[in-house]
Amino acid sequence: SLLPQYRGAAPINWAIIHGDKETGLTSFLLKHEIDTGNIILQEHIAIKDDEDAGSVHDRLMELSKMVTISNK
């Protein structure tokens, strides 16, 4: 998800349920508490009107591969 919103379980589902128009990936440094730490980078994508959690997940999975490759 795009931290700090929708920390924890099912962030894609919550973005869709709340009618968000975008979501994305967040890379961050870990601290002891769950989903805390300084943000390193974020990538945003639009949530299309006809998408469900599965299709958004799949697009984010592909995006994560590209972000990993481009940051090496």
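Modeller: What follows describes the core and then the fold around it. This is a predicted model, in which local features need pLDDT of at least 70 and side-chain atom pairs count only at pLDDT 80 or more, while totals for chains, interfaces and linings use all residues. Residues are numbered from 1 along each chain as its sequence is written, and side-chain values use heavy atoms, with hydrogens and water left out.

The largest nonpolar core has 9 residues: Tyr6, Ile12, Ala15, Ile45, Ile47, Val56, Leu60, Leu63 and Val67. Such a core is a set of buried Ala, Val, Leu, Ile, Met, Phe, Trp, Tyr and Cys residues joined through side-chain atoms within 4.5 Å; buried means under 20% relative accessible area with a 1.4 Å probe, protein chains only. Two elements, α1 (11-17) and α2 (53-70), each give two or more residues to this core, and α2 has the largest share, 4 residues. Helices here are DSSP runs of H or I with at least four residues, and strands are runs of E with at least two, numbered from the N terminus.

Ile12 touches Ala53, Val56, His57 and Leu60 (heavy atoms within 4.5 Å), leaving aside residues up to four places away in sequence.

As for the whole protein, 2 helices and 2 strands run in the order α-β-β-α from the N terminus. Buried residues make up 22% of its 72 residues. Among contacts with a separation of 6 or more, 44% join residues 24 or more positions apart. The C-alpha trace spans about 35 × 25 × 15 Å along its principal axes.

Notes
Buried < 20%, exposed > 50% of the residue type's maximum accessible area, 1.4 Å probe, protein only.
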